[in-house]
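Q: Hi! Could you walk me through this model, starting with the strands and then moving on to the pockets?

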Amino acid sequence: MAKTAPEGLITALDIGSSKVSAMIAKKGDGGELIVLGTGQRESRGVKRGYIADMGATEAAVREAVEQAERIAGINIENVWVGFSAGGLVSDVASIEFELGGHRVEQGDIDALLAAGRNSIDPQGRMVLHAQPALYTLDGLTGVKKPLGLHADRLGVHIHVVAADGSPVRNLDLCVRSAHLEVKSIIASPVATGLACLSEEERELGVALVEMGAGITNVSLFAGGMLVGLASIPVGASDITDDIASAFGTRRQVAERMKCFHGSANASPRDNHDMIPVMPISAEDGAGEGAQITKAQLIGVIRQRLEHLMGLVQKALVDLRFEGPVGRQVVLTGGGAELKGIADYAQQSLGRSVRIGRPRGLTGLPEAHAGSAFATLAGLAFYAATDPIDLRALQVPQTTVHRPRGFQLVRKLIQAARANY
């Protein structure tokens, strides 16, 4: 019989276009995350990251969570949910005021964060994250703990991620309909960056390309935080659909062909290797199918990849990810498991490319250790750190007196991106 969840337990839930996956983990004595159970079900009712069928999605959520509960032997009540649909936007705002050379006190930091919270303008969107990232002292950026230091000017960079409200509310309603409390909804790029990128990569500058089934998210990290984001409504399932259409077979057969025989790179031998194709008209595997060469299959895959990489390149240019700084690109998501994709992307984008996989989790099953589960792992990391969010910050009702007051408070949109 399953036990009630103890304190400190974390349950992550990733609702994607191809699969719904859940993970139950706990913090070890050394602060490491230990995986207790995982679950996975085919995603039914999710299109391009958006919930299109509430009932089918709710059933998949319930089944994935129940599977993780059975393995862990624990009943859970709340989850941290990832949101990966299009419409995500990311900005960095800066707030600064004058201290007149005094030491920074906690009241100063509280007042600064309160001013930052009031300055956020989501422009009709729903704010998912509003987190103080790094502080500035007299223009010096990258200060993590300003308390006790002297400064003429104190500022803070605030990382804001927002999304269209309706898809987020639908996601929340779907999870609650499965009798689960939603602890928080986290933007997928934020979570995935924690799982796949090192702290140094996020500091120096790196682009994270999440190739999901229905959506490809391109996010730019610099100065330790997410500073740019673009969503492309093309994903790995489009490759599957292209194969099914080109060779007249079912999606399930096309997906298997892509996974077992597909590649992003071609070789002369591919013209001689033959692959059987089961036609749509064949029922229950009966009947004889045609045969195609592996080269034909790879040709269809590369045609879609060429289109996708062109869109990724455009997104990188629009995000101003160019020049000698920040040349590294990290590919992750289910689409990143395609054979040879890193080499193909490196040639296509003209940048150094590696595959990002979740790391730092103890007891993670091998089946869930690939790039397709990077967001799930990142959600667990995010929950473990539970960073400060200005929306929930309770600022003490105190008055802070300074010689020059707060007249010079100003909002500088995208300051970190400009510095980058």
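**Strands and pockets**

A: Happy to! I24 stands opposite G37 in β4, where strands are DSSP E runs of at least two residues and helices H or I runs of at least four, numbered from the N terminus. This is a predicted model, in which local features need pLDDT of at least 70 and side-chain atom pairs count only at pLDDT 80 or more, while totals for chains, interfaces and linings use all residues. Residues are numbered from 1 along each chain as its sequence is written, and side-chain values use heavy atoms, leaving out hydrogens and water.

Q: In which sense do β4 and β21 pair, parallel or antiparallel?

A: Parallel, over two bridges, with β21 covering residues 361–362. There L33 stands opposite L361.

Q: What's the strand order in the sheet?

A: The open sheet has six strands, ordered β13-β8-β2-β3-β4-β21, with mixed pairing. β13 (181–187) and β21 are at the edges with a single partner strand each, so one side of each has no neighbour in the sheet.

Q: Which strands does helix α10 touch?

A: Helix α10 (residues 374–385) packs on the sheet and touches β2 (9–15), β3, β4, β8, β13 and β21. Contact here means heavy atoms within 4.5 Å. The direction of α10 makes about 145° with that of β2; axes are lines fitted to C-alpha atoms, for helices over the stretch in contact, and angles run from 0 to 180 degrees between N-to-C directions.

Q: Switching topic: how much space lies in the largest pocket?

A: About 1500 Å³, the volume being the space filled by probe spheres set on grid points joined across faces, edges and corners. A pocket is an open set of points on a 1 Å grid over the protein atoms alone, where a 1.4 Å probe fits, with protein on both sides within 12 Å along at least five of seven lines; lining residues have an atom within 4 Å of a point.

Q: Which residues are closest to its centre?

A: Of the 48 lining residues of the largest pocket, those are S17, S18, K19, A213 and S237. Helix α6 gives the most to this lining, six residues.

Note on methods
Two strands pair if DSSP finds at least two bridges between them.
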